[in-house]
Amino acid sequence: MSLETAKRVLRIEAEAIAGLIERLDERFERAVELLYGCKGRVVVTGMGKSGLIGRKIAATFASTGTPSMFLHAAEALHGDLGMLTGDDVLVAISYGGETEELLELLETVKRLGIRMVTLTANSRSTLATASDVTLDIAVREEACSLNLAPTASTAAALAMGDALAIALLDRRGFREEDFAALHPGGQLGKKLRRVESLMHMSDDLPRVFPGALMPDVIYEMSRKGLGLAAVADEGGKLLGLITDGDLRRMMLKRKKEALDLTAAECMTKNPVTIARTELAATALRLMEERKITSVLVTDGDGLLEGVVHIHDLWTLQLF
């Protein structure tokens, strides 16, 4: 019985969201342009379940590059109206479009010249007619067995809010690095870390000149403890790489004479490299694809900047 109920709820909510697609028109485009042109903040407001949905929509706006906040409509009537400025755009959520607390905000909203987008099921409601743009979030039925509790309607409102936020993200040209800057903490922040924040550089970077003899190469590899040595010229240009695996194979093949060889004679030319601005997750994927444990970091001119080791990525829990 519970499974059947769950399936019915999910089907109704899925149909409610899908129903929004065919009703999207130029009003959505106008809403996006209005929000994009906002010089202040996008202020989302609502009451009850719509208010809870509004909090999430405001958070999604903020995390995708649109300065935003949630304004509790009732609290606004008791002093929080001072949070509003004429540069803001108000996004009001009210399924019926006649929520009393939201209607009481209209006088201040109009006095300040604040533009307004309303998400509602009633295009003839007071809120809708007072708005610059109205977006239709009507649903055929609620998923509640009594057809009373806001379920499909709140799912539709949330989906419309997400559509606005992501359309704005694309309109702004919001990129991965912008997203990373707004999400420095938690697992998401770790996945968006850049190679430059993890790489070993300067004195921590094992580096030898092409004319260095193998005893010096071995010493540098042992001293830095990364199991490799980058070979670069005096100008910093990367020439090749010697790993501890290369070293073992060379010692087995050349035996005693191996110690008389230079780094240039033993190195692997054209080693795998990555830019410092790439994501740590990209470095990990590169290591997995090439079956290597480290990757050298170079700039656009091929100058050696650092090295990132797989051990550095373990701390990020990207696996």
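Predicted model: local features only at pLDDT ≥ 70, side-chain atom pairs only at ≥ 80, totals over all residues.
Residues are numbered from 1 along each chain as its sequence is written, and side-chain values use heavy atoms, without hydrogens and water. Local features need pLDDT of at least 70, side-chain atom pairs count only at pLDDT 80 or more, and totals for chains, interfaces and linings use all residues.

**Cavity**

The structure holds one cavity of 30 Å³ or more. A cavity is a set of points on a 1 Å grid over the protein atoms alone where a 1.4 Å probe fits but cannot get out. Lining residues have an atom within 4 Å of a point. They are Leu20, Arg23, Leu24, Asp25, Arg27, Phe28, Leu135, Asp136 and Met160. α1 (2–23), α2 (26–36) and β5 (133–136) each give two or more residues to this lining. Helices (H or I, at least four residues) and strands (E, at least two) are DSSP runs.

**Helix pair**

The axes of α3 (residues 48–63) and α8 (residues 152–172), lines fitted to C-alpha atoms over the stretch in contact, come within 9 Å and cross at roughly 20 degrees. The two helices are therefore roughly parallel, a term for angles under 35 degrees. The crossing is right-handed, with the near helix turned clockwise from the far one by less than a right angle. Contact means heavy atoms within 4.5 Å.

| Helix | Contact residues |
|---|---|
| α3 | Lys49, Ile53, Lys56, Ile57, Thr60, Phe61 |
| α8 | Thr154, Ala157, Leu158, Gly161, Asp162, Leu164, Ala165, Leu168 |

Definitions and conventions
1 Å grid on protein atoms, 1.4 Å probe; cavity = no way out; pocket = protein on both sides within 12 Å on 5 of 7 lines; lining within 4 Å. Points joined across faces, edges and corners; volume = space filled by probe spheres on them. Axes fitted to C-alpha atoms, helices over the stretch in contact; angles between N-to-C directions. Parallel < 35°, antiparallel > 145°, perpendicular 65-115°, else oblique.
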